[in-house]
Number of protein chains: 2
Amino acid sequence: MTQPPDSSRPGNDRITLTEVAGHAGVSRSTVSLVLRGSPLVAAETRERVQAAMAALGYIYNRGAATLRAARTQTVGLLVCELNNPFYAELTAGMDDVLDAEGFVAFIANTAEQPERQERFLQRMREHNVDGVILCPAAGTQGELLDRLDRWRLPCVQALRFVSDRGRDYAGVDYQAGVETVVDHLVSLGHSRIAFVGGTLDHSAYAARHAGFTAAMRRHGLADDLVLRCPLTRRSGAEVADDLLHRPQAPTAALCYNDVVALGLMLGLEARGLRAGRDLAVTGFDDVPEAALSRPALTTVATSARQIGQEAARLLLRRIADPQGPPERIILPSRLVVRQSCGAPIHSTHHRDLS
Amino acid sequence: MTQPPDSSRPGNDRITLTEVAGHAGVSRSTVSLVLRGSPLVAAETRERVQAAMAALGYIYNRGAATLRAARTQTVGLLVCELNNPFYAELTAGMDDVLDAEGFVAFIANTAEQPERQERFLQRMREHNVDGVILCPAAGTQGELLDRLDRWRLPCVQALRFVSDRGRDYAGVDYQAGVETVVDHLVSLGHSRIAFVGGTLDHSAYAARHAGFTAAMRRHGLADDLVLRCPLTRRSGAEVADDLLHRPQAPTAALCYNDVVALGLMLGLEARGLRAGRDLAVTGFDDVPEAALSRPALTTVATSARQIGQEAARLLLRRIADPQGPPERIILPSRLVVRQSCGAPIHSTHHRDLS
DNA sequence: CAGGCTAATTGGATCGATCCAAATACGCAA
DNA sequence: TTGCGTATTTGGATCGATCCAATTAGCCTG
């Protein structure tokens with residue numbers, strides 16, 4: 001009927017700064033200064049306090065600190081598609097930089113759902129994050145960024161943007177990447193080139209499509225062969241028929257990303273056709289499988305990890321200086337020519353491994 | 001020389017519960033009760049308070065709440081290798097469940113470094129997480145779990161464990177998975193089978209190796225052909241020579257995971273050999289590339305996302321009831337027979353897409 | 001030795017919520 | 001009208017840190 005006599009109340013055993021102060025024979029204020037590495041404290045005192053902290057097993061209570069101090073040393077990562085290996089790499093890159101600066105990141109997978117993204121943002125605000133890195137879900141309204149401003153919540157957009165006017169952004173030069181691919185295909189003699197894949201509207205789609213259009217026009221070629229389809233292997237495979245049974249069938253398919261390209265190659269194979277011989281196929285991202293498929297996929301390499309690192313760096317800078325000038329970091333991409341575009345097939349000895 | 005006159009102090013504009021109370025004409029206590037959904041509050045009052053919150057744009061300050069309340073609604077995710085697509089999927093699964101319960105997760109990539117893992121754990125404690133999901137870095141000492149106990153920090157191990165005696169764990173039945181592979185290879189007539197890959201010692205390695213040994217002995221076969229190598233494509237390729245130039249060369253290589261297996265297949269090819277014809281090759285994980293390689297890789301499918309979900313569920317249960325009985329969830333794996341093990345080659349029409 | 005200056009330390013108020021015991025309001029029976 | 005039980009509401013103390021103005025200690029100089 002009563003509490004068990006020996007019941008040690010849960011969580012009551014946490015050592016506080018006051019207890020450390022008692023043990024070290026100084027005031028709370030001094031311990032607090034030591035915690036924050038203030039130069040005001042005498043070396044001898046500092047050591048005594050640190051010894052006390054070690055002896056008692058003191059753990060800093062950031063929640064308490066946050067109540068007074070401005071910062072929490074936390075940031076939010078809102079990723080539009082966490083299960084995609086590309087974003088995994090990106091996240092790892094962010095983690096590298098944040099860890100080095102003593103920050104911890106909340107992670108959230110918005111799964112391309114704006115309302116989920118909204119929910120997570122609220123939650124992050126409740127947790128008082130110092131800023132967020134956002135890969136905006138497709139369909140995100142531009143008004144969101146204004147709200148972030150009003151909330152005074154520093155935000156860096158990564159890989160995609162709702163708007164990048166006057167805002168921090170880290171991404172890849174998708175347009176130039178696609179243009180390089182077109183140039184390469186044209187140099188191989190192709191003139192009917194299709195742009196394949198992508199259903200959602202966001203800046204990353206727009207940029208690639210713009211690259212396609214710009215390069216085609218530059219070469220005086222028609223840029224109207226655009227097939228939108230979901231970014232899955234399956235849809236890539238299914239689009240093969242549509243592509244080949246047109247009045248003027250293209251001789252090359254420039255795919256939105258590797259996943260679609262790999263799917264398309266499977267679709268061709270299932271029809272007894274082969275990429276690189278019957279249809280030139282190219283991808284985008286250079287996922288590990290690209291080097292591995294037969295024929296190996298010509299694609300554009302982007303360094304996901306590095307983008308993650310840059311985005312984190314931008315955010316930390318913005319947190320430190322909210323008024324500073326906005327920065328855009330656009331990393332270059334790199335054309336990786338393999339066999340799927342019809343270039344001469346090399347010996348497998350030279351295939352790249354990862 | 002003085003502050004600009006209009007300088008609105010940063011962060012001073014946050015609405016507090018007290019202001020909501022004033023606006024709604026009730027006390028702070030009442031607002032607090034509304035926030036926590038207490039049934040004590042009269043419906044009419046509740047509505048008035050909620051209207052005030054909406055009108056003022058109130059944001060709950062969890063940091064402040066944490067100071068008094070026991071819970072933070074946050075957990076930590078310590079992943080040993082975040083950039084691996086497998087873990088990306090796992091993380092997405094955890095996120096699904098945590099989101100539904102209103103929790104947010106801190107993420108940390110330990111990158112197989114115990115000291116990094118240690119650092120993150122301290123940081124999570126500072127942030128007062130309610131619990132952690134741990135994929136222990138290779139080399140983690142068993143003593144860590146005791147410390148977690150002492151800290152009263154609920155912990156669920158996932159995919160690997162340091163020790164699972166009396167502890168929560170969610171993972172895959174690696175041993176059974178490997179045994180199935182051995183059985184299949186034996187049924188195809190193989191008797192000299194090598195176990196290839198893995199350098200780090202952890203439970204996931206031990207379980208697979210145990211499966212190999214058990215099944216081989218069961219069939220009365222020698223289980224001593226074990227080649228340890230790093231889990232990269234490159235090492236997989238390099239191991240091919242070693243494998244083939246032994247006095248009694250094996251006829252099958254059961255690889256630790258798909259990455260090594262895919263590498264090994266490339267190594268064979270570079271020597272003019274072919275998996276499934278000159279050497280049976282199998283993998284583990286069923287990564288997307290497995291279905292895509294030529295020949296397609298026979299492997300064992302595990303559902304990463306589901307494991308993530310289960311691990312999160314276990315953790316939430318443990319947080320709710322710290323004294324409850326420990327639970328182990330072992331999900332089954334599934335043999336996926338493709339061409340790399342020497343089974344008859346099917347038409348590509350039947351190849352599975354993802 | 002007083003006075004001034006720097007270096008180091010300190011106590012009390014404070015952040016924004018929760019907890020708890022106590023106060024108040026209301027309805028109804030005696 | 002009083003008394004009492006139930007339903008609501010409330011003020012003050014509290015969590016564990018930080019901030020700030022004020023104090024104390026130590027040293028040098030004239």
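## Salt bridges and polar contacts between the chains

Between chain A and chain B there are 12 salt bridges, each being a side-chain nitrogen of Lys or Arg within 4 Å of a carboxyl oxygen of Asp or Glu. One of these salt bridges links Asp99(A) with Arg123(B), where the closest N and O atoms are 3.0 Å apart. Across the interface of chain A and chain B, 18 residue pairs are in polar contact, both residues at pLDDT 80 or more. A polar contact here is a pair of N or O atoms within 3.5 Å; within protein, one must be able to donate a hydrogen and the other to accept it, and residues adjacent in sequence count only if both atoms are side-chain atoms.

Please keep in mind that this is a predicted model, in which local features need pLDDT of at least 70, side-chain atom pairs count only at pLDDT 80 or more, and totals for chains, interfaces and linings use all residues. Residues are numbered from 1 along each chain as its sequence is written, chains are lettered from A and ligands numbered from 1 in the order in which they are written, and side-chain values use heavy atoms, with hydrogens and water left out.

## The wider interface

In contact (heavy atoms within 4.5 Å) are 63 residues of chain A and 64 residues of chain B. The buried area, meaning the accessible area (1.4 Å probe) that two parts lose on being put together, summed over both, is about 5,800 Å², with 53% of it from carbon and sulfur atoms.

A strand pairing also spans the two chains: E2(A) and strand E2 (residues 104–109) of chain B run antiparallel, joined by 3 bridges. Pairing calls for at least two bridges found by DSSP, and strands (E, at least two residues) and helices (H or I, at least four) are DSSP runs numbered from the N terminus. Within this pairing, Phe106(A) has Phe106(B) as its bridge partner.

## Around DNA strand C

Ser29(A) has a side-chain N or O atom 2.6 Å from a base oxygen of DNA strand C. Phosphate oxygens of DNA strand C lie 2.7 Å from a polar side-chain atom of Thr30(A) and 2.4 Å from one of Thr45(A).
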